Every structure is written in C-alpha cells, then in structure tokens.
Amino acid sequence: MSVSFSFSPSSMRLPVSMPRWWRWAMGGLLATWLWAVPFVSWWVALGSGLCAMLTLTVLTFYARQHSNKDDIGAVLPPSEDESQDVFEQVDALMSHSKDIEHIPQVEEVLESMAQDNQRRRLDDLMRRWVDVAQRYSEAALVLRREIYSVIKQTEQAANTIASSFEAVINKATIQARQAMELLEGTQGATSDDGTPQSLKDFIQVSDERLNKMADEVVRVADLSVNMVRELDGVQTRTQAIDGFLLDVEKLADQTSLLALNADIEAARVGEHGRGFSVVAQEVRRLSQRSHEFSDRIRQHLKEVRSGLSRTYGNMRTLSAADMEHALTIKEDVLSLTQSLEGKNREVAETVSRINEISKEIAQDVRNVVISLQFHDITSQKLSGMLEPMDELRRTLYHLMQETVSLDKNLLKNLPKNERWLSRLQEETLPAPEIEPSKEPARKESTQEPPRLREAIDNGPAVELF
Amino acid sequence: MATILTVDDTASMRQMISFTLNSVGHEVLQAADGREALSILQNKKVDLVITDVNMPNMDGITFVKSLRELIDYKFTPILMLTTESQDAKRQQGKTVGATGWIVKPFNPEQLLNVVKKVLG
C-alpha cells in the first residue's frame with residue numbers, strides 16, 4: 001500500500017513515527033539556535049535559523065527514507081513546488097513542535113490501523129451479539145409465558161369437558177334405567193293390590209282380563225238364549241192354561257145350563273121335583289162360583305201372561321242383541337289382543353334397542369376416557385419445555401452481564417441500553433418476533449400421541465410385578 | 001365394593017379414574033400429590049392406591065416408598081400410572097414395592113380388569 005503524505009497544513013496529525021536519533025538531532029539544533037538567538041544580532045540569528053531549518057529538512061528526509069523502505073516515491077526529494085510546501089509544512093511543524101511527542105513509523109502505523117480495524121469489527125460483532133441475545137432472551141420470556149398460559153387454559157377446558165361428560169353419562173344412565181323400568185319393570189313384580197308394575201305385565205294382564213270379560217259376555221248371551229227358550233215354553237203353557245180355562249168355563253156354562261134344564265124339569269114334575277130343583281139351583285150356584293173362579297184365574301193368567309210377554313219381549317231383544325254383541329265384542333277383543341301383542345313386541349324391541357345403545361355408549365365412554373387424558377400428557381410435555389427455556393434465559397442473562405462488564409461502551413449503541421438488563425426480571429415486556437424453540441427438550445420419554453389401541457413399542461401397557 | 005385412592009397432579013386425570021371406577025361401584029378418594037395422599041391415609045383406610053409418577057411436592061416413587069413403610073399399607077396393592085414406559089422407571093417402581101404398572105393413556109376396560117385382579 002502506498003503511503004502518500006504531504007506537508008500540507010491540513011494534515012496536522014503525524015501518522016508516521018520517527019526514530020529517536022532524529023528527535024534528538026532536532027532537539028539539539030533547536031536548542032542551540034534558541035540559546036544563541038539573544039546573544040547575536042538579528043541577521044546572524046536569521047541566517048543560522050535558516051541553516052538550521054535546512055539541516056532539519058535534510059535530516060527529516062533522511063529519516064523517512066530510512067524507516068519506509070517500501071515507498072520509494074516518498075523518499076524522492078521534493079520538487080521545486082513541493083519544497084515551497086515543505087517549508088511551509090516545516091514552519092507549521094516548528095510552531096507545533098512542543099505538541100509532537102511521538103511520530104510513529106510507517107510500519108507501526110499500518111499495524112495499528114489493522115489492529116484498530118479488527119477491534120472495530122470485534123466491537124461491532126459484540127454489539128450485534130448483545131443485541132441479538134437481548135432480543136432472544138425477551139422472546140424466550142414471552143414464549144415461556146405463552147406455554148404456561150396454554151397449560152393453564154387447556155387444564156381449565158379439560159376439567160370442564162371431563163365434568164360435563166361425567167354429568168351427561170350419569171343422566172343418560174338414569175334415562176335408560178327409567179325407560180327400562182317403565183317398559184319391563186322389575187321383572188314382573190306386582191304391587192300389594194295385584195296391579196302389575198311394568199308395561200309388559202300391564203299389557204299381559206289387560207289381555208287376560210279382556211278375554212275373561214268377553215267369555216263372560218258370551219256366557220251371559222248363551223244363558224239368555226236359554227232363558228228365552230224357557231220363556232217360550234212358559235208362554236205356550238199359559239196359552240194352554242188359557243185354553244183349559246175356556247174349557248172350564250164352557251163346562252161351567254154347560255153345567256149351569258144343565259142345572260137350568262134340571263130346574264125346568266123339576267118344575268114340570270111338580271111337588272116331587274122340588275127337592276131336585278133345590279139341588280139344581282145349588283148346582284147353578286156352584287157353576288157360577290166356578291165361573292167366578294175361572295174369571296179370577298183368567299185375570300191372574302192375563303197378568304202373568306202380560307208380565308211374561310213383557311219379559312219375553314225384553315229377553316228376545318236382549319238375547320238377540322247380546323249374541324250379536326257378544327260376537328262383535330269377542331272380535332274386538334281379539335283385535336285388541338293382537339294389537340296388544342304388537343305393543344308387547346314393540347316394547348321388547350325397544351328394550352333390546354335401549355340395551356344395544358347402552359353398549360354403544362359404553363364403548364364411546366371408553367374412547368372419551370382415553371382421549372380426555374390427553375391434557376395430562378401434553379401439559380407434562382409442555383412443562384418439560386419450561387425448564388430448558390428458563391435455563392436459556394438465565395444463561396443469556398449471565399453472558400450479557402459478563403459481556404457488558406467487559407466493555408461498557410457496548411451499552412451506548414444498544415437501542416434499549418441499560419433498561420433491558422433489569423427487564424429480564426420483570427414480567428411486562430413488549431413481544432418482539434418470537435422464535436419458537438427448535439428442540440423442545442422433554443423430560444418424559446418420547447411417546448406417540450395418545451392412541452386407542454394398546455401396542456406401545458417400549459413394552460406392554462399393563463404390567464404386574 | 002372397594003375404597004380406592006387415586007393420586008395425580010392433574011384434575012382431569014383424577015376425574016377420569018374416579019369416573020371409571022365409580023361405574024362399577026368402587027368408592028374413590030382423590031389427592032393431588034404424595035403429601036396430600038399420606039395425610040388422607042391417616043384418617044381413612046383404603047384397599048388400593050393408584051398413583052402418578054411425576055408430581056410436585058412428593059413424586060410417585062418417594063410416595064410409594066413412604067407408603068410401604070406404614071404398617072397398615074405394607075401389603076396394600078399399589079398401581080403406578082404414568083406416561084413413561086421405560087424399563088428404568090419400572091424397575092424403580094418395582095424396587096420400592098409397587099404392585100403393578102399402567103401406561104397413560106389407560107384403557108378403562110384394562111384398568112377395571114387390573115383393579116379386579118389385584119383386589120382379588
């Protein structure tokens with residue numbers, strides 16, 4: 001690399017360090033001249049000053065050539081124009097001679113420049129490292145809090161699901177049990193007064209009783225048919241009696257007529273026939289009385305017959321209707337019985353359907369019980385993540401502390417400087433981009449998500465020692 | 001039926017175990033960790049203990065060890081219930097005196113069978 005230096009007043013810094021002998025020479029010359037100045041006249045002083053400056057310039061050139069072996073251009077003696085500049089530069093240098101403590105050599109200058117560059121790059125890197133670590137530390141805190149809240153929220157949800165599920169199952173069980181009791185009862189038990197307890201038994205008992213009633217009706221109809229027949233017989237008998245009564249009356253009439261005739265004959269006979277006419281009159285009276293009797297009998301008979309005919313009439317209508325009705329009733333009862341049987345079958349089907357559903361529910365319950373354990377498993381895994389995350393944050397924090405203690409300057413250029421150091425302990429933080437941890441370190445063994453089957457590679461699911 | 005104590009730090013887990021065991025008529029007591037379980041056992045006698053392994057305050061292995069030291073529970077069946085199915089933990093459980101081992105998530109039928117078996 002070519003080092004171009006000029007004696008222009010603008011470059012006040014002396015980038016190159018000069019060797020010791022040059023410094024001493026300079027010093028000596030200057031001291032001598034300065035010491036002589038007050039003792040000699042002004043033109044002597046001026047002349048000697050100029051000589052001294054010349055000597056200085058030559059010496060400087062020589063020194064530079066000596067230290068910078070690479071740059072030949074710099075060693076060339078300055079041209080006319082440049083020498084004017086040179087004198088001006090030297091003047092400037094002279095006026096600042098006291099400030100010049102150490103003018104380094106070119107090599108050293110280069111070295112220190114390289115070192116500075118390196119240090120700058122290192123500084124820059126450190127700052128970036130501190131900045132990044134700070135951000136990731138904050139991210140870790142936020143992530144930790146998120147994980148924790150996930151654990152808590154799913155815990156609440158899981159507990160609610162579990163309780164509600166349990167309540168639902170209990171209610172379903174109660175429903176099924178009540179339905180079964182209604183339909184089947186406690187296996188046909190009857191209460192104290194003989195009423196059946198279950199629907200099934202109720203249907204059965206109703207069936208029996210209806211049939212009994214129908215049979216009763218038929219029996220009654222049968223009986224009434226018989227009664228009608230009997231009545232028919234009685235009716236005929238009364239008619240016969242009526243007939244006899246007629247005969248009796250006829251007889252009585254004839255007897256009365258005969259008695260009359262006898263009386264007439266007796267009168268004809270005269271006195272001998274008086275006894276006979278008395279008898280004949282008695283006979284007439286007797287026949288009259290039998291007339292009366294037969295009248296009374298007829299009267300009674302009439303009433304009997306009218307009563308009978310009424311009964312007969314009723315009976316007749318009743319029995320005919322009865323028989324018809326009995327048969328209809330029997331038919332109705334039969335169809336009712338059939339539909340009752342149908343109902344009974346429906347009941348049996350419903351009972352078996354309820355049992356089927358109960359079994360299906362049992363299977364669903366098993367599945368849910370297995371699945372609801374997921375919260376426990378996942379929250380254990382998540383909790384396992386929290387420790388490493390905290391460890392990460394602590395490590396970052398300590399590294400930050402150490403780094404910052406090495407170089408307080410690092411803090412100056414950080415956007416949030418010192419505040420973040422204390423914020424690592426605080427809870428409230430704005431969230432920068434969150435970088436999820438790539439490797440959730442788990443304390444638990446690696447395990448597949450909850451499954452409903454049993455096959456687990458690490459061993460059987462159940463073991464008794 | 002029997003009185004059973006279940007020990008687990010997760011409420012939903014305890015609920016599932018209670019629910020399963022209640023369905024066949026067992027009485028179930030619950031504790032959130034080993035310490036609570038021991039204090040419950042001071043007052044009530046149980047026929048079987050089902051415990052998780054990873055719990056705060058007192059973990060499952062320590063709890064089983066302490067339990068086996070009590071005279072009343074020297075021969076009470078203890079089942080360990082956990083997500084880990086590695087041999088190391090199992091052997092540990094066996095060493096401290098556990099009766100058996102069930103992996104989570106458990107199948108309720110399996111749990112009932114094991115319970116029936118160990119209760120005799």
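Where in chain B does Asn57(B) lie? Asn57(B) is in the loop between strand E3 (48-52) and H3 of chain B. Helices (H or I, at least four residues) and strands (E, at least two) are DSSP runs, numbered from the N terminus. Asn57(B) is not a glycine, yet has a positive phi of about 65°. At 54% relative accessibility, Asn57(B) counts as exposed; buried means under 20% relative accessible area, exposed over 50%, and partly exposed in between (1.4 Å probe, protein chains only).

This is a predicted model, in which local features need pLDDT of at least 70 and side-chain atom pairs count only at pLDDT 80 or more, while totals for chains, interfaces and linings use all residues. Residues are numbered from 1 along each chain as its sequence is written, chains are lettered from A and ligands numbered from 1 in the order in which they are written, and side-chain values use heavy atoms, with hydrogens and water left out.

**The two chains**

Chain A has 10 helices and one strand. From its N terminus on, the elements of chain A run α-α-α-α-α-α-α-α-α-α-β. Chain B has five helices and five strands, and its elements run β-α-β-α-β-α-β-α-β-α from the N terminus on.

The table sets out totals for each chain. A contact means heavy atoms within 4.5 Å.

**Helix H2 of chain B**

Helix H2 (residues 34-43) of chain B has Gly34(B), Ala37(B), Leu38(B) and Leu41(B) as its buried residues. They lie on the same side of H2(B), because they cover an arc of only 100° around the axis; the arc is that of the directions from the helix axis to the C-beta atoms. Arg35(B), Gln42(B) and Asn43(B) are exposed on the other side of H2(B). The packing partners of the buried residues of H2(B) are strand E1 (3-7), strand E2 (27-31) and helix H3 (60-69) of chain B.

The N-terminal end of H2(B) is capped by Asp33(B), which has a side-chain oxygen 3.0 Å from the backbone nitrogen of Arg35(B).

**Helices H1 and H5 of chain B**

Two packed helices are described by the angle between their axes and the distance between the axes. For helix H1 (residues 11-22) and helix H5 (residues 108-119) of chain B, the angle is about 65° and the axes are 10 Å apart. Axes are lines fitted to C-alpha atoms, for helices over the stretch in contact, and angles run from 0 to 180 degrees between N-to-C directions. H1(B) passes H5(B) in a right-handed crossing; a crossing is left-handed if the near helix is turned anticlockwise from the far one by less than a right angle, and right-handed if clockwise. On the H1(B) side, Ile17(B), Thr20(B) and Leu21(B) meet Pro108(B), Leu111(B), Leu112(B) and Val115(B) in H5(B).

**Loops of chain B**

Pro105(B) is in the loop between strand E5 (100-103) and H5 of chain B. The peptide bond that leads from Lys104(B) to Pro105(B) is cis, with omega near 0°.

Thr83(B) is in the loop between strand E4 (78-82) and helix H4 (87-96) of chain B. Thr83(B) counts as buried, at 7% relative accessibility. Thr83(B) and Phe106(B) are 23 residues apart along the chain, and their C-alpha atoms are separated by 9.5 Å.

**Two histidines of chain A**

His375(A) is in helix H8 (residues 374-406) of chain A and is buried, with a relative accessible area of 1%. A polar atom of the His375(A) side chain lies 3.1 Å from the backbone nitrogen of Glu155(A). A polar contact is a pair of N or O atoms within 3.5 Å; within protein, one must be able to donate a hydrogen and the other to accept it, and residues adjacent in sequence count only if both atoms are side-chain atoms. Leaving out residues up to four places away in sequence, His375(A) touches Ile151(A), Thr154(A), Glu155(A), Ala158(A), Thr10(B) and Ser12(B).

His66(A) is in helix H2 (residues 42-67) of chain A. His66(A) is partly exposed, with a relative accessible area of 46%. From C-alpha to C-alpha, His66(A) and Pro19(A) are 9.1 Å apart in space, and they are 47 residues apart in sequence.
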